Structure formats: C-alpha cells, structure tokens
Amino acid sequence: RLLLRASDLLRIIGAEKGSLIAMYKLLADESGLNTDEEICVVAGFVGDVDQWDEFDNGWTEVLKKCGIPEFHGVDFWDGYFDDDSGAFIRKHPYEGWTAADDYEFVDSLLKVIENSKLKHAGAAIRSSLFLELTQDERRYLTTSGVPDKNWDNRGAPSDPWYAAFRVAITGAARFTPTGMKVYPFFDRRDS
C-alpha cells in the first residue's frame, strides 16, 4: 500500500504555496454509516503544507517509537475483557499494553495534533433526530443547492452522513484564507 505524506498530496496536485489541505477521516468506522446507528460523524483537520509536514513528522515519530506500523483507532480500541483476569485483552501490536501505555500513546498523538496547529472541522449527527426532520429540511441539510424545479432530486434526505459531510466541508472552508483553495481528501466510505 502506497503511503503519502499529506503535504506531498498538495505538491502532486500543484497547489500553490500557502494552499490548505483538508484531511478527513470518518471517525465512526462502519458503525456510523447507516441510519440504524445512533451517531454519524465526519471529522478531520485542516492545515497548510508546513502544518501537515509537522504533523506527519511528529505522527511518524510517535508510531516508530511505539513500534506501531500505522494507527487505526478501530484496531487500537478493539479488545475484550478477560473474565478470569479482568484484564483488557487486545491484539498485536497493542497486545500486552497497560493502561499507562495506552494513555502515554494517545497523549503523544494528541500532542502531535496540537503542536502542528491543524484546525478541526466536522460534525456529529444524531441519526434519529435527523430523520425526525421534514424531508425538505433533510434535503436542505444534505445539499448545496437551493429550492428550484429540481428540488425533489437534490440532497440525500435519508442519509445523515451527507449532513455531517456538508458541515465538515463548510468548516474547512472557514479556515481557508480569501483567494486560496482547500483540497479535501477523504478516506473511502464503505457502506
């Protein structure tokens, strides 16, 4: 699998110096992608090339120090309590970690984000409340269009993910200086 630094993506697409890149990950794994789930989240970080370079360098350093090839929250938080020992058991590469190890690792990753000065953008949508809205209200929250003759074909009124997506994109745009572009990159959405 090819891994690119976030700042390299900007260079590949020919972004100008000072352009921002918006990196988004869906932070609810597969469970947040359908209306049967209580919460749907789309969230990420926005920053310029220098901020992403600082983030990439710090993140790589923490992972290397801890012997983690790549971090996926779904793997880190996955595990079970052993009835006999009462211990929380996880798979490799987190196998055998103590609560103190967990805290130090997560704290180190959060400090990388903080030190890089990336800005956060995103939203969490309670699916049941979203679905209680009228169809027109849900359509409005999931499209960039305005009511017109094609209104009945706009938006995704049955899917709260698009409302969270819209908030994340507009949030990223708020951090973009006038005259500059933001380049959003997303993880693949498997639904």
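What pLDDT does the protein chain average?

## Confidence in the model

The protein chain averages a pLDDT (the predictor's confidence in each residue, from 0 to 100) of 80, and 80% of the residues score at least 70. This is a predicted model, in which local features need pLDDT of at least 70, side-chain atom pairs count only at pLDDT 80 or more, and totals for chains, interfaces and linings use all residues. Residues are numbered from 1 along each chain as its sequence is written, and side-chain values use heavy atoms, with hydrogens and water left out.

Confidence is highest in helix H4, at 94, and lowest in strand S1 (residues 20-25), at a mean of 50. Helices (H or I, at least four residues) and strands (E, at least two) are DSSP runs, numbered from the N terminus. Over residues 24-31 the pLDDT is below 50. Where pLDDT is low, the predicted coordinates should not be read in detail.

## A look at helix H4

Let's turn to H4. This helix covers residues 99-116. Asp102, Phe105, Leu109, Val112, Ile113 and Ser116 are buried in H4 (under 20% relative accessible area, with a 1.4 Å probe and protein chains only; exposed is over 50%, partly exposed in between). Seen down the axis of H4, these buried residues fall within an arc of 95° (taken from the directions from the helix axis to the C-beta atoms), so they line one face of the helix. On the other side, Ala99, Ala100, Tyr103 and Glu114 are exposed.

After H4 comes lysine 117, with a positive phi near 65°.

## Alanine 121

Strand S5 (residues 119-126) holds alanine 121. Alanine 121 is buried, at a relative accessible area of 7%.

Definitions and conventions:
The expected span of a helix is 1.5 Å times one less than its number of residues. Contact means heavy atoms within 4.5 Å.
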